[in-house]
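Hi,

Here is the structure I promised to pass on. Have a look at it first, and my notes follow below.

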Amino acid sequence: MSTIYKSAAGERALVEAYADILARWPQPRQQLRLQTRHGDTAVIASGPEDAPPLILLHGAGSNSLTWMGDAEVWARTFRVYAVDIIGEPGASAPVRLPYATGDYADWLDDVLAGLGVERACFVGLSLGGWLSLDYALRRPERVERLILMCPGGIGRTKPGFMLKAGPLLALGGWGRRRLLKLIAGDYASGEVGAYLDLIFTHFKPRRDALPFVSDESLAALRTPTLTILGARDELIDSADTARRLAKAPAVEVVMLSEAGHVIAEQAERVLRFLGR
């Protein structure tokens with residue numbers, strides 16, 4: 001059993017659920033397994049093979065199935081690569097790297113090398129937003145455009161969320177589902193909600209916080225960037241994120257008044273930004 005899961009049976013349940021949902025990916029796809037210095041990495045590829053590359057990085061406690069709906073839109077004009085981040089509950093190696101080093105950038109170097117990609121656009125959600133931004137700051141020559149959805153590591157984490165999380169988790173299944181609803185809003189309903197609940201029933205989330213991106217780094221960002229935030233984000237102070245991103249001359253910020261931490265139904269907006 002991998003150490004990122006609570007039991008071997010739970011790990012098997014998540015592997016089976018992942019395969020079942022992946023079988024319904026809405027367009028032709030390839031499942032790739034890349035060798036990196038930090039472990040095998042699973043990638044779902046779709047779209048024309050000769051189209052410009054678009055790298056997708058999901059949030060914490062999730063995997064590339066996050067992008068099923070969006071990938072269908074983006075794959076019309078891009079070669080889409082949905083990457084399972086290592087150490088998260090997908091199909092990649094259960095290896096957790098320290099955030100404060102360049103290890104994740106090295107990992108992404110290996111991923112791009114395995115894909116045969118020199119330069120790409122990146123879309124990142126929450127943790128994936130932080131990883132994408134970190135990579136753009138460390139490897140600006142490799143990132144064409146950047147889309148950050150409720151990225152971590154920029155705005156403050158809301159203290160009220162941490163006060164709610166502990167008591168809710170202590171209430172078992174009902175509390176866990178309530179916490180998922182706070183984080184993901186309407187996204188955590190139906191089949192998606194059931195899958196997220198299954199993940200957090202069996203998966204051990206990381207407890208260490210993402211490092212904050214410095215004001216100097218934000219001011220130095222030159223990659224054209226679209227940041228989409230939810231005004232009702234229960235986890236991250238989106239107003240603080242927007243304020244800090246004002247220091248970055250290349251960043252456009254969109255605040256969605258009704259959205260929470262998980263941003264959905266923005267595929268066309270992203271496509272317009274990528275096509276400018």
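Before the strands come up, one definition: two strands count as paired if DSSP finds at least two bridges between them. Please also keep in mind that this is a predicted model.

With that in hand, take strand 6 (residues 143-149) and strand 7 (residues 225-230): they run parallel and are joined by four bridges. Ile-147 stands opposite Leu-226 in strand 7.

Those strands belong to an open sheet of eight, ordered 1-2-4-3-5-6-7-8, and the pairing is mixed. Strand 1 and strand 8 (251-256) are the edges, each pairing on one side only. From one strand to the next, the twist averages 20°.

Two helices to look at against the sheet: helix 4 (residues 127-138) lies across strand 3 (53-57), strand 5 (120-125) and strand 6, at about 145° to strand 5. Helix 9 (residues 238-245) touches strand 7 and strand 8, and its direction makes about 160° with that of strand 8.

Then there's a helix pair. The axes of helix 1 (residues 8-22) and helix 7 (residues 190-202) come within 9 Å and cross at roughly 155°; angles over 145 degrees count as roughly antiparallel, so that is what these two helices are. Helix 1 brings Gly-10, Ala-13, Leu-14, Ala-17, Tyr-18 and Ile-21 to the contact, and helix 7 brings Tyr-195, Leu-198, Ile-199 and His-202. Eight of these residues are nonpolar, two are polar and none is charged.

Last one: His-38 sits in the loop between strand 1 (29-34) and strand 2 (41-46). His-38 is buried, at 18% relative accessible area, and its contacts include Asp-103, Asp-106 and Trp-107.

Cheers

Notes
Residues are numbered from 1 along each chain as its sequence is written. This is a predicted model: local features need pLDDT of at least 70, side-chain atom pairs count only at pLDDT 80 or more; totals for chains, interfaces and linings use all residues. Side-chain values use heavy atoms; hydrogens and water are left out. Axes are lines fitted to C-alpha atoms, for helices over the stretch in contact, and angles run from 0 to 180 degrees between N-to-C directions. Angles under 35 degrees count as roughly parallel, over 145 as roughly antiparallel, 65 to 115 as roughly perpendicular and the rest as oblique. Contact means heavy atoms within 4.5 Å. Ala, Val, Leu, Ile, Met, Phe, Trp, Tyr, Cys and Pro count as nonpolar, Asp, Glu, Lys and Arg as charged, and the others, Gly among them, as polar. Buried means under 20% relative accessible area, exposed over 50%, partly exposed in between (1.4 Å probe, protein chains only). Lists of a residue's contacts leave out its neighbours within four places in sequence.
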